Amino acid sequence: MFFLLRPCRMKHVLCVRVVEARKFGFKRAFWSHLMLNSEESKLEGQKLEEGMNEASDLRNQKPIVDISPSIAEKSRDFTVDAEKEIARLKDKYLRSVADFRNLQMRMQKEVEDAKLFAIQQFAKDLINSVDNLERALALIPEDSRTDVEKNKQLVDLYTGLKMTETVLNKTLEKHGLVKYDGLGEKFNPNLHEAVYQALVPGKEAGTVFHNEQTGFILNGRVIRPAKVGVVKEH
């Protein structure tokens, strides 16, 4: 027997009506509905379990890749060609870097040389005046260079020319231009120009014993070799 309780309020009095459900159709439908839902849930659970088992089997299976010999050979050839191309490009890159660095070094050397030898042509033109000044000093006799009582004007001239030569030589050295004669040194074809040879007792053969014309060097570069006399072999 099934009872349905229905609360109701009437004039502040709670009344409970008890209704007896005498019809068993409601009870039968209720239990049938519960059984049907239970069977459907059971079937869905079985399907879900079967699906999970199939997915697990698929994960455990190892992939089977069938590579034919022709495909493997093509892949190997492609790898070899790629490695050769990489090596070629790497060699080309290294050569380009080396060429660029050599170009930088050459440009830097040219800039430095331009700074060092910018006055080279001016120096070549100036050394002729230096030669003339030396010749003028050499023309004054040695005994007249200090005899003030007899040749005061000549002594003053020599003193003035000598001071001019000293200042000029210091100015040239300041800009990298130096004089040299090579007296007593071994003959060097890069520094000297042999004008003549002579037998000189007590001197070693091949030694410079006379300076005909002074040489000049500008920042380590010979712009005029010294013209010298060299000791001849006996």
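Two strands count as paired if DSSP finds at least two bridges between them. Helices (H or I, at least four residues) and strands (E, at least two) are themselves DSSP runs, numbered from the N terminus. With that in hand, here is a tour of the chain.

First, some ground rules. This is a predicted model, where local features need pLDDT of at least 70 and side-chain atom pairs count only at pLDDT 80 or more, while totals for chains, interfaces and linings use all residues. Residues are numbered from 1 along each chain as its sequence is written, and side-chain values use heavy atoms, with hydrogens and water left out.

## The whole chain

The chain holds four helices and eight strands. Read from the N terminus, the order goes β-β-α-α-α-α-β-β-β-β-β-β. Of the 234 residues, 16% are buried; buried means under 20% relative accessible area, exposed means over 50%, and partly exposed is in between (1.4 Å probe, protein chains only). The chain exposes about 19400 Å², with carbon and sulfur atoms supplying 58% of that. Such areas come from the Shrake-Rupley method with a 1.4 Å probe, and for residues only the protein chains shown count as cover.

How about contacts, meaning heavy atoms within 4.5 Å? Among contacts in the chain with a separation of 6 or more, 57% are between residues 24 or more positions apart.

Angles here run from 0 to 180 degrees between N-to-C directions, and axes are lines fitted to C-alpha atoms, for helices over the stretch in contact.

Strand 4 pairs with strand 8 (residues 226–231) in the parallel sense, over six bridges. To find a spot to start looking, go to H192, which stands opposite A226 in strand 8.

Rings of Phe, Tyr and Trp (its six-membered ring) pair if their centres lie within 6.5 Å; planes under 30 degrees apart count as stacked, over 60 as edge-to-face and the rest as tilted. A search of the whole structure turns up one aromatic pair. That pair is Y196 with F209, edge-to-face at 5.8 Å centre to centre and 80° between the planes. Y196 is in strand 4 and F209 in strand 5, so the pair ties together parts that are 13 residues apart in sequence.

Another open sheet lines up three strands in the order 3-6-7, and here the pairing is antiparallel. Strand 3 (177–180) and strand 7 are the edge strands, each pairing on one side only. On average, neighbouring strands of this sheet are turned by 35° against each other, direction ignored.

Strand 3 and strand 6 (residues 215–218) run antiparallel and are joined by four bridges. V178 has I217 as its bridge partner in strand 6. Helix 3 (residues 120–139) packs on the sheet and touches strand 3, strand 6 and strand 7, its direction making about 55° with that of strand 7.

Between strand 6 and strand 7 is a loop that includes N219. What stands out about the phi of N219? The phi is positive, about 50°, although N219 is not a glycine.

## R224 and its surroundings

R224 sits in strand 7 (residues 221–224). Its side chain makes a polar contact of 2.6 Å with the side chain of D131. A polar contact is a pair of N or O atoms within 3.5 Å; within protein, one must be able to donate a hydrogen and the other to accept it, and residues adjacent in sequence count only if both atoms are side-chain atoms. The R224 side chain also reaches the backbone oxygen of T214 at 2.4 Å.

Not counting residues up to four places away in sequence, R224 touches I127, D131, Y180, Q213, T214, G215 and F216. One of these, Q213, belongs to strand 5. Leaving aside neighbours within four places in sequence, Q213 is in contact with D131, R135, R224, A226 and K227.

| Residue | Relative accessible area | Class |
|---|---|---|
| R224 | 12% | buried |
| Q213 | 17% | buried |
| F209 | 26% | partly exposed |
| Y196 | 32% | partly exposed |
| N219 | 33% | partly exposed |

Technical notes
Contact means heavy atoms within 4.5 Å.
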